[in-house]
Amino acid sequence: MKQGTINAVSNILENIANNYFESSDFKDEDAVIFSIIHSIVKKSEDIHFLLLYKRYDSVEIIGRTILELYVSLLYVLKGDTKRRALSYLYSYKMQIAKKLEQTINLIPHGEEILEFTEKERNMLLHEVPNASTLADYKGHYQELYNSLFSEGVKNKMNWYNLDGKISNFSDLMKAVDIKEADYYFFYGIGSLEVHGLSTIGNMTIHKGNFAMKSSVNLPLLNHKISSYLIKGINKIIKHYEKETTKMERTKINRYIKQMELNFLRQVAEDKL
């Protein structure tokens with residue numbers, strides 16, 4: 001993908017954020033939206049860097065993470081945004097506390113890492129009034145999390161199953177109109193890298209010499225991630241359009257044009 005596309009998205013995000021901070025309170029749902037798109041931008045930069053230096057290992061893993069972030073962003077912005085964003089947030093807080101608790105319980109006393117995890121624990125407990133244990137912390141957010149689900153929903157494992165109609169990630173993709181082919185592209189091939197099985201596919205051997213290559217279709221991966229960036233930031237522009245001033249909108253339109261031109265150049269280069 002083009003660095004210009006990434007730069008344009010970053011600039012649009014910065015303009016919206018600066019304008020929104022001045023005109024409205026920054027709520028928890030806004031923090032979720034901005035953190036997701038920011039992570040997509042940063043991971044896109046990582047892939048751009050890796051491909052630039054022909055470091056093909058891990059591009060599949062990062063691409064798979066970008067897909068998950070993009071689908072989550074679309075779902076949050078599609079409707080019922082506050083409830084969906086808070087569910088995403090509370091789910092994260094419960095999971096981080098659970099993993100930290102497991103880590104502390106498994107570490108022998110006296111190891112240096114225990115001191116670090118204790119600091120993390122105290123930072124979490126500081127968030128919740130009267131919380132003295134991680135169980136208190138998890139219980140606080142579990143109650144908030146459960147309150148977001150519709151009455152009668154039993155499966156509350158996934159944050160997006162608020163109405164009991166989306167039980168897995170594949171269903172979530174369908175709910176935001178992402179093609180099933182995208183799922184198999186990132187989860188089929190990408191899962192090989194996640195489990196360390198793509199090593200052989202990343203190597204070519206000829207007459208005693210070997211070279212590294214990518215086992216994934218790089219032009220397609222570039223195209224997909226660039227389109228996720230562009231579509232994602234356009235969804236955010238629409239979500240916050242009432243909060244942007246005419247001057248900011250003029251700047252944003254220039255960056256949109258920059259995105260479109262860079263994307264067209266990328267498509268043309270991929271065809272060569």
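Of the 272 residues in the chain, 43% are buried, meaning under 20% relative accessible area, with exposed set at over 50% and partly exposed in between (1.4 Å probe, protein chains only). This is a predicted model, in which local features need pLDDT of at least 70 and side-chain atom pairs count only at pLDDT 80 or more, while totals for chains, interfaces and linings use all residues. Residues are numbered from 1 along each chain as its sequence is written, and side-chain values use heavy atoms, leaving out hydrogens and water.

**Fold**

The chain holds 10 helices and two strands. Helices (H or I, at least four residues) and strands (E, at least two) are DSSP runs, numbered from the N terminus. In sequence order the pattern reads α-α-α-α-α-α-α-α-β-β-α-α. Among contacts in the chain with a separation of 6 or more, 67% join residues 24 or more positions apart. Contact here means heavy atoms within 4.5 Å.

Helix H2 covers residues 28-52. The expected span of a helix is 1.5 Å times one less than its number of residues. For the 25 residues of H2 that gives 36 Å, and the end C-alpha atoms are 36 Å apart, which agrees.

Helix H3 (residues 59-78) packs on helix H4 (residues 81-106) at an angle of about 145°, with the axes 7 Å apart. Axes are lines fitted to C-alpha atoms, for helices over the stretch in contact, and angles run from 0 to 180 degrees between N-to-C directions. H3 brings Leu69, Ser72, Tyr75, Val76, Leu77 and Lys78 to this contact, and H4 brings Thr81, Arg84, Ala85 and Tyr88. Six of the contact residues are nonpolar, two polar and two charged. Nonpolar covers Ala, Val, Leu, Ile, Met, Phe, Trp, Tyr, Cys and Pro; charged covers Asp, Glu, Lys and Arg; the others, Gly among them, are polar.

**Pockets and the cavity**

Both terms rest on a 1 Å grid over the protein atoms alone. A cavity is a set of points where a 1.4 Å probe fits but cannot get out, and a pocket is an open set with protein on both sides within 12 Å along at least five of seven lines. Lining residues have an atom within 4 Å of a point. Points are joined across faces, edges and corners, and a volume is the space filled by probe spheres set on them.

| Space | Volume | Lining by class |
|---|---|---|
| Largest pocket | about 640 Å³ | 13 nonpolar, six polar, three charged |
| Second largest pocket | about 400 Å³ | seven nonpolar, two polar, eight charged |
| Largest cavity | about 40 Å³ | three nonpolar, one polar, three charged |

The largest pocket is lined by 22 residues, with Tyr88, Ser91, Tyr92, Gln95 and Trp159 nearest its centre. H2, H3, H4 and H7 each give two or more residues to this lining. H4 has the largest share, seven residues.

The second largest pocket has 17 lining residues, and Tyr70, Leu74, Asp177, Ile178 and Lys231 are the closest to its centre. H3 and helix H9 (218-239) each give two or more residues. The largest share, seven residues, comes from H9.

One cavity of 30 Å³ or more is counted. Ser170, Met173, Lys174, Ile178, Lys179, Glu180 and Tyr183 line the largest cavity. Helix H7 (169-175) and helix H8 (180-194) each give two or more residues to that lining. H7 has the largest share, three residues.
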